[in-house]
Amino acid sequence: MPPSDAAPGPTPLAVWPGTAYPLGATYDGAGTNFSVFSEVADAVDLCLIAKDGTETRVALDEVDTYVWHAYLPTIGPGQRYGFRVHGPYDPDHGFRCDPSKLLLDPYGKAFDGEFGNDPSLYTFGLDSLGHTMTGVVINPFFDWGADRPPNRPYHETVIYEAHVKGMTMTHPEIPEELRGTYAGIAHPAIVAHLKALGVTAIELMPVHQFLHDRVLLDQGLRNYWGYNSFGYLAPHNEYAASPRGGAAVTEFKAMVRALHAEDIEVILDVVYNHTAEGNHFGPTIGFRGIDNAAYYRLDEQNPTHYVDYTGTGNSLNVRHPHTLQLIMDSLRYWVLDMHVDGFRFDLAATLARELHDVDRLSTFFDLVQQDPVVSQVKLIAEPWDVGEGGYQVGNFPGLWTEWNGKYRDTVRDYWRGEPATLGEFASRLTGSSDLYEATGRRPSASINFITAHDGFTLRDLVSYNEKHNAANGEDNRDGESYNRSWNCGVEGPTDDPEILALRARQSRNLLATLVLSQGTPMLAHGDEMGRTQYGNNNVYCQDSELSWMDWSLAETNSELLEFTRRVIALRTEHPVFRRRRFLAGRPVRPAGDVRDIAWLSPAGAEMTDADWDSEFGKALAVYLDGHGIPEPGPRGERITDDSFLLCFNAHDHAVDFVLPGADYGAEWSVVLDCSAPGGNAEAGYPAAATLAVPARCLLVLRCSE
C-alpha cells in the first residue's frame, strides 16, 4: 500500500514545557498546566486516565527546584489524571516511592471515583490503577454575580456548627436528590431556618476530600465526620448532588453564593494536622508516594514510623517549606476562589510544633500573620492535640480565636451543681480575660460553646451520665469518658414528667448562658430542637439516623426552638451582651458609683471574697450597665443600651434575690425566664424588691428607667 494511503496513526499528544507555578492542574481556557513537587523523585509521569480506565503516561521532563511540570494544550476540564513517581523505596530510611501506585495530586481541586479495599493500595509493586480515585481537571470559571463577603465582626457573630449531610438528610422540604449535599445546605428551607434562628455563620464540618478508613468499612461503618482529609483544595465529592467530575466545585460555590446573599458567612473545619494515609500500615494514595519525608514527620530513630501528635497515625511536616506552602495555598484558594469566610483548624496545636513542643511563634503562625488574604478572614483554633503539652487554650497568637474548652467545662460544671465554681464561672461568662487579654485580644477571641460535634448533644448532656458508644464497635472504649454531664435522675429516655421538665429547664439554662456570655457563641446543629444521639458521644463513624438531624423535632420540641430564637434575638438586639472590649468594673455614669459590671450576691450586696470562695455557693447575679459601653460603633457613634441583671441559681431549691436599689434603676422587668418552656415572662418589680428565682434557673431582667 502506498505510504499516502496508509491508515493514520494516533495523533501525538502535544506537550509543552509549562511552568512550575501554580502547583496542581490549572486550566487557563485553552489548555492545562500540570505541576507537582517531589524532592526525592528520579522521574515523574503524568497519567491521563480515559473514561474506560486506560492510561496514557506523559513524562514530566521539566524540573525546576524539585517541581516537575508540563503544559498540555489539548487537555481541558473533565480530564482525569494522577502521577507516578519513580525513586527510592527504602521505608527503613523514610523513602516510599513506588511507580506502581497511581498517586493523587496534593493540589487536586476535584476527585472522581472511589477507593477500593484492594491490596495494591498497601503492597509495594502492585498497580493501584482502578482501585483508587483520580484527580479531575476543573473549569475554574464561575459566575459569582454580586457576591460579597459579609465581613461580619466577631462580636456580632453567632456560629452554627453543622454537617453537610447530617443537617439535610431528613428535611422534608428538601428534594430527596439534594439531601446530604451542598445544594441541600443552600436550599431555601435550610437558609430560612438559619435566618430565623439568628445565626450569622455556618461552620461546616470537614468538606475537604476525605477517605473512609478500611477498618470502618470492614465493620459496615463510614468516616461520617470526615476528619481524614487528603484533598486540601477539593470539596468532598460525596456531598455533591452530581458527585462525578468537577460538579462538586460548582455546587459548593453556588452554596456559598446563596448563603452570602442572606449575609451568612461560611467557615470551614479544616484538617491540616494529618492525612488519610495513616500510619506505616496505611494506604499509599498520594503524599507518601510523592515525597514521604517532605510531607510527614518521621520518627528520627525509626523513619519507617511516623510521629503522631493527632492519634490518627501521622502528622504533617509543617517544618518543610513545601508542606507549609501547600497549607497556605489551600487556605488562599478557599478564600479567593471558593469565597469562604474563615477556618476552624482541627487540632491546631499540631501546626505549632516546630520540633516537639508547641511554639506560639512557629513558622506557620508567622506565615498566616503576614499573608494579606488569610490574615483577614476568621481564624479559629481547636487549641489542643494529643501530644505532650498539647493543651494550649489561651496561648495562640493575636489574630486567632479559640474554641474555649475551659468555658465548656466550667459552664457544664456550674449548672450540674459542682461546688466551688463561681469565680471560674464569672470569668468565663465575661469573655475569659484571664486567657486572652494579655495577648491584646478581645472577648470575641473566646469561641464559647457548650456542645460540639465531638461529645454529647445538648439533650444528651442533660440525659446521660455515661457514654453509650457500643454501636461504634469498640466495646464502649472510644469517646470521652468524663463528660461533666448529669442525667437529672434517670439514665436515658424516661416518661417521668418531673425529670423531663428538669432536663428541659437545664437545656434552656445552658443555651441562655452560652448566648448571653461575652465572647463568640457557637451552637451545635440540632441542639436548638433537642437532637439526641441516644448517649453516643462519638458518632464519627455513624452515617445514619443516629447522627443526622431529625427535623420532626422542630415541631415536637417547638418550645425549645422558639426559646433559642428568643435568646439569640436578645443578644442581637442588645450590644451590652456582645461588648467589643473587656468589661472594666469602673464607674461609667457622670455621677454615682454604678459600674459597667457588678457582681452581686442574692442579698443584693457586692460579692465578697468569702462569697467567691464559698465551696457551696451556686447563686449569684451580674449587673451589666448599658450606659457603660465606651467603645464606639462602626461610624464612631456612641453606643447606649438598656441595663440588665442576670440572676443565676444552680441550687436545687428556689433562692430569694434582692434586686439592685434605685441607683441602678427604678423598675425591673423579667425578659427571659428559663423556668418557662418558651422563656416568656411578663413580671415587673420595683428597685430593691425581693424576687424568688426558681431552682436551677436563669432569669434575665431589664432595667426600665
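How many of the 8 residues of helix 10 are buried? The answer is 6, so helix 10 is largely enclosed by the rest of the structure. This is a predicted model.

## Helix 10

Helix 10 covers residues 422-429. Its buried residues are Leu422, Phe425, Ala426, Ser427, Arg428 and Leu429. Gly431 follows helix 10. The phi of Gly431 is positive, near 105 degrees.

## Overall fold

The chain holds 16 helices and 29 strands. Its radius of gyration is 28 Å, close to the 27 Å that the globule rule gives for 705 residues, so the chain is as compact as a globular protein of that length. The C-alpha trace spans about 110 × 55 × 55 Å along its principal axes.

Of the 705 residues, 60% are buried. Among contacts with a separation of 6 or more, 71% join residues 24 or more positions apart. The chain exposes about 26900 Å². Carbon and sulfur atoms supply 51% of that area.

## Helix 3 against helix 15

Two packed helices are described by the angle between their axes and the distance between the axes. Helix 3 spans residues 188-197, and helix 15 spans residues 558-573. They pack at an angle of about 55 degrees, with axes 8 Å apart. Helix 3 and helix 15 are therefore oblique to each other.

Which residues meet here? Helix 3 brings His193, Ala196 and Leu197. Helix 15 brings Leu561, Thr564, Arg565 and Ile568. By class, the contact has 4 nonpolar, 2 polar and 1 charged residues.

Terms used. Residues numbered from 1 in each chain as written. Predicted model: local features only at pLDDT ≥ 70, side-chain atom pairs only at ≥ 80, totals over all residues. Heavy atoms only, no water. Axes fitted to C-alpha atoms, helices over the stretch in contact; angles between N-to-C directions. Helix = DSSP H or I, 4+ residues; strand = E, 2+ residues; numbered from the N terminus. Parallel < 35°, antiparallel > 145°, perpendicular 65-115°, else oblique. Contact = heavy atoms within 4.5 Å. Nonpolar A, V, L, I, M, F, W, Y, C, P; charged D, E, K, R; others polar. Buried < 20%, exposed > 50% of the residue type's maximum accessible area, 1.4 Å probe, protein only. Rg over C-alpha atoms; globule rule 2.2 N^0.38 Å. Areas by Shrake-Rupley, 256 points an atom, 1.4 Å probe, with all protein chains shown as cover.
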